[in-house]
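Welcome, and thanks for taking a look at this one.

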Amino acid sequence: MNSDEKYKKAGEVISAAGGTPLPVNDTLISLLKHFIMEDEVDFIAAFAEKKSQTMDQLKQSSGLTEEEINKKVKDLAGRGVIFNQPNSKGVMVFRLLPLFNVGTFEYKFMGKLERSERDKEISALFSKLFVDLRALVQDNYDLIVPMLMNAPPVDRTVPVLENKSKKEPVKIVINEKIEGARDRIVPAQKVEELIAKFDEIALGHCFCRHYKDMLGTPCKQTKERETCFTFGKSARFTSEQGFSRMITKEEALKVLKKAEDDGLVHKAYHPNFDTSKDETSICNCCRCCCANAVDSMIAPITNTTNFLSMVNEDLCIGCGKCVKVCHTYAAYLKDNKKAGRKEELCIGCGICAHFCPQNAISLIEGERIVKIPPPKPKAK
């Protein structure tokens with residue numbers, strides 16, 4: 001194989017590693033050359049059959065010595081290509097990361113940027129790859145979107161539970177009649193409870209907003225950039241590689257409070273989308289930059305939530321604040337000038353209740369999965 005053929009093979013292996021499937025084209029190959037050196041390409045191919053391997057397994061699949069593997073892993077982990085952390089039994093596991101969702105893209109823009117010509121070129125290549133991916137989805141909409149709509153939820157909304165204007169809790173209404181509600185142990189529904197669970201917390205830049213900054217299209221919603229949290233072994237990995245910095249629980253809560261007051265939505269991520277397992281990270285998402293937001297999504301939004309907003313029309317004054325801050329356009333003003341919400345679009349984030357000056361919005365409790373497809377292309 002020549003060099004480009006090897007990179008194409010590496011692209012196929014990385015595309016199959018999880019996250020969002022990628023078009024293996026010239027743009028992807030150019031991107032991979034920034035993160036994987038030519039003498040590392042064959043090592044990536046060793047993950048073709050199994051994306052997570054122990055040292056013994058990787059020695060067999062790669063044909064390399066332990067010393068050679070450790071050298072390559074150290075370099076590739078520093079570029080966000082391989083995740084190297086011990087499992088629950090203390091055995092070191094080496095996992096090939098996808099390009100994004102969650103992988104190389106996120107780790108690249110989570111850390112500090114030199115804003116060099118190289119960083120600008122990487123940003124431009126990612127932008128082109130996202131354009132290519134959007135075109136792929138749109139051109140094959142009826143085939144790809146129904147398949148992705150059946151995928152498990154990517155993230156979980158952790159709601160804002162305080163009214164900013166009134167400085168008092170948002171009312172929670174227990175309603176087991178909501179479709180999908182059932183008796184089970186639910187994960188932490190307050191960010192305070194979530195933060196309290198972890199002794200290792202790391203803070204990095206919001207990769208979506210950082211990436212948009214590099215493209216010259218900064219966020220319209222917040223000036224904050226360090227808003228991306230990782231926990232446990234993910235915190236160890238990101239801090240060890242320089243993508244983030246370790247912080248205290250008190251500092252974490254201050255950052256989260258500022259994010260809430262800027263109208264950002266807390267999105268928690270769990271291993272393999274399993275909410276029975278401890279969270280690995282929290283993003284604080286805006287509507288204009290974040291990839292998993294209505295305004296910029298390529299693939300469908302698939303989100304799990306334990307809440308649904310509900311409007312008390314007797315208290316609502318029709319100010320439209322909820323409409324302005326709603327991330328998914330679920331909120332709207334009805335003909336009677338009272339606020340309403342579209343249940344199928346509501347992710348239960350509580351942002352509408354957080355900003356409501358009248359405390360007219362409550363959150364109904366009950367597990368739901370929200371799936372929002374990208375806009376369908378207009379017929380030619």
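## Around helix H7

Helix H2 (26-35), helix H6 (104-110), helix H8 (141-149) and helix H10 (207-214) are among the elements that cover the buried residues of H7. Here contact means heavy atoms within 4.5 Å, and buried means under 20% relative accessible area, with exposed over 50% and partly exposed in between (1.4 Å probe, protein chains only). Helices (H or I, at least four residues) and strands (E, at least two) are DSSP runs, numbered from the N terminus.

The buried residues in H7 are Asp119, Ile122, Ser123, Leu125, Phe126, Leu129, Phe130, Asp132, Leu133 and Val137. H7 has 23 residues and spans 33 Å from its first C-alpha to its last, close to the 33 Å expected at 1.5 Å a residue; the expected span is 1.5 Å times one less than the number of residues.

## Model and conventions

This is a predicted model, in which local features need pLDDT of at least 70 and side-chain atom pairs count only at pLDDT 80 or more, while totals for chains, interfaces and linings use all residues. Residues are numbered from 1 along each chain as its sequence is written, and side-chain values use heavy atoms, with hydrogens and water left out.

## Where H7 meets H8

At what angle do H7 and H8 pack? The angle is about 100°, with their axes 5 Å apart; axes are lines fitted to C-alpha atoms, for helices over the stretch in contact, and angles run from 0 to 180 degrees between N-to-C directions. H7 and H8 are therefore roughly perpendicular to each other (65 to 115 degrees). Leu136, Val137, Gln138 and Asp139 of H7 meet Tyr141, Ile144 and Val145 of H8.

## The nonpolar cores

A nonpolar core is a set of buried Ala, Val, Leu, Ile, Met, Phe, Trp, Tyr and Cys residues joined through side-chain atoms within 4.5 Å. The largest one has 66 residues, and Ile36, Ile44, Ile82, Leu96, Leu99, Phe109 and Phe126 have the most contacts inside it. Helix H7 (residues 117-139) gives the largest share of this core, seven residues.

Leaving aside residues up to four places away in sequence, Phe126 touches Leu31, Phe35, Leu99, Phe105, Phe109 and Tyr211. Another core lies apart, with 30 residues that include Met297, Ala330, Cys352 and Ala360.

## The open sheet

Three strands make up an open antiparallel sheet in the order E1-E3-E2, where two strands pair if DSSP finds at least two bridges between them. Strand E1 (52-54) and strand E2 (82-86) are the edges, each pairing on one side only.

Methods. Parallel < 35°, antiparallel > 145°, perpendicular 65-115°, else oblique.
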